[in-house]
Amino acid sequence: MLKKIHHIAIICSDYQKSKNFYTNILGLEIIREVYREKRDSYKLDLSLNGIYIIELFSFPNMSDEKPEFSPFKTGLFHFCVQDPDIEILTDKIVAYGGKQRMPIREYYPNEKPYKMVYVEDPFGVIFE
């Protein structure tokens, strides 16, 4: 039986901009950064609070074409993160070139302060 999900791998078309987004905007920490000369590509391992969660890959001559936003098709739709100030994080994502895909919603307002929003990074990767 599975014990946990180890990490998510994301392929990016603009390595430096992706690195800046995931470290400066989302606050992930760099575990390891490797330039792979044979492939002329980069691999970046990122963690949150010391736990390895995201791998960023870049390859030469990649298209800048973003994936189609399609929440009603079979396949992976999004990954989810938590932040204590959803409004500020959403504003930072949009200011850096990402998109807010829906208004921020509040669930159980009289019981628990749960809020959620779907956003995408500047390269079309959807997360909640």
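This report walks through the strands, core, salt bridges and surface of a predicted model.

## Ground rules

The model is predicted, so local features need pLDDT of at least 70 and side-chain atom pairs count only at pLDDT 80 or more, while totals for chains, interfaces and linings use all residues. Residues are numbered from 1 along each chain as its sequence is written, and side-chain values use heavy atoms, with hydrogens and water left out.

Let's begin with strand S3, residues 41–48. Helices (H or I, at least four residues) and strands (E, at least two) are DSSP runs numbered from the N terminus. Six of the eight residues of S3 are buried, so the strand is largely enclosed by the rest of the structure. Here, buried means under 20% relative accessible area, exposed means over 50%, and partly exposed is in between, with a 1.4 Å probe and protein chains only.

Two strands count as paired if DSSP finds at least two bridges between them. Strand S2 (residues 29–36) pairs with S3 in the antiparallel sense over seven bridges, and Glu-33 stands opposite Leu-44 in S3. Four residues lie between S2 and S3 in their hairpin, and Asp-40 in the turn has a positive phi of about 50°. S3 also pairs with strand S4 (residues 51–58), again in the antiparallel sense and over seven bridges; the bridge partner of Tyr-42 in S4 is Ser-58. This hairpin has two residues between the strands, and Asn-49 takes a positive phi near 55°.

## The nonpolar core

In soluble globular proteins, nonpolar side chains tend to be buried together. A nonpolar core is a set of buried Ala, Val, Leu, Ile, Met, Phe, Trp, Tyr and Cys residues joined through side-chain atoms within 4.5 Å. The largest one here has 24 residues, and those with the most contacts inside it are Tyr-22, Leu-26, Ile-54 and Ile-93. Strand S1 (8–12), H1, S3, S4, helix H2 (86–95) and strand S9 (126–127) are the elements that give two or more residues to this core. H1 supplies the largest share, four residues.

Leu-26 sits in the loop between helix H1 (15–25) and S2. Not counting residues up to four places away in sequence, Leu-26 touches Phe-21, Leu-89, Ile-93 and Phe-127, where contact means heavy atoms within 4.5 Å. With sequence neighbours up to four places away again left out, Ile-93 touches Phe-21, Ile-25, Leu-26, Gly-98, Lys-99, Val-119, Glu-120 and Phe-127. As for separation, Leu-26 and His-6 are 20 residues apart in sequence and 18 Å apart in space, C-alpha to C-alpha.

## Salt bridges

A search of the whole structure finds six salt bridges, each defined as a side-chain nitrogen of Lys or Arg within 4 Å of a carboxyl oxygen of Asp or Glu. In one of them, the side chains of Lys-19 and Glu-33 meet at 3.0 Å, N to O. This pair links distant parts of the chain, with Lys-19 in helix H1 and Glu-33 in strand S2, 14 residues apart. Lys-19 counts as buried at 16% relative accessibility, whereas Glu-33 counts as partly exposed at 36%.

Arg-32 forms a salt bridge with Asp-45, with the closest N and O atoms 2.7 Å apart. Arg-32 is partly exposed, with a relative accessible area of 44%, while Asp-45 is buried at 4%. Glu-87 forms a salt bridge with Lys-115, the closest N and O atoms being 2.8 Å apart; Glu-87 is in helix H2 and Lys-115 in strand S7 (residues 114–116), 28 residues apart. Both are partly exposed, Glu-87 at 32% and Lys-115 at 39%. Finally, salt bridges that share partners join Arg-32, Lys-43, Asp-45 and Glu-55 into one network.

## A three-stranded sheet

Three strands form an open sheet in the order S5-S8-S9, with antiparallel pairing. Strand S5 (99–100) and S9 are the edge strands, each pairing on one side only. Strand S8 (residues 119–120) pairs with S9 over two bridges, and Glu-120 stands opposite Ile-126 in S9.
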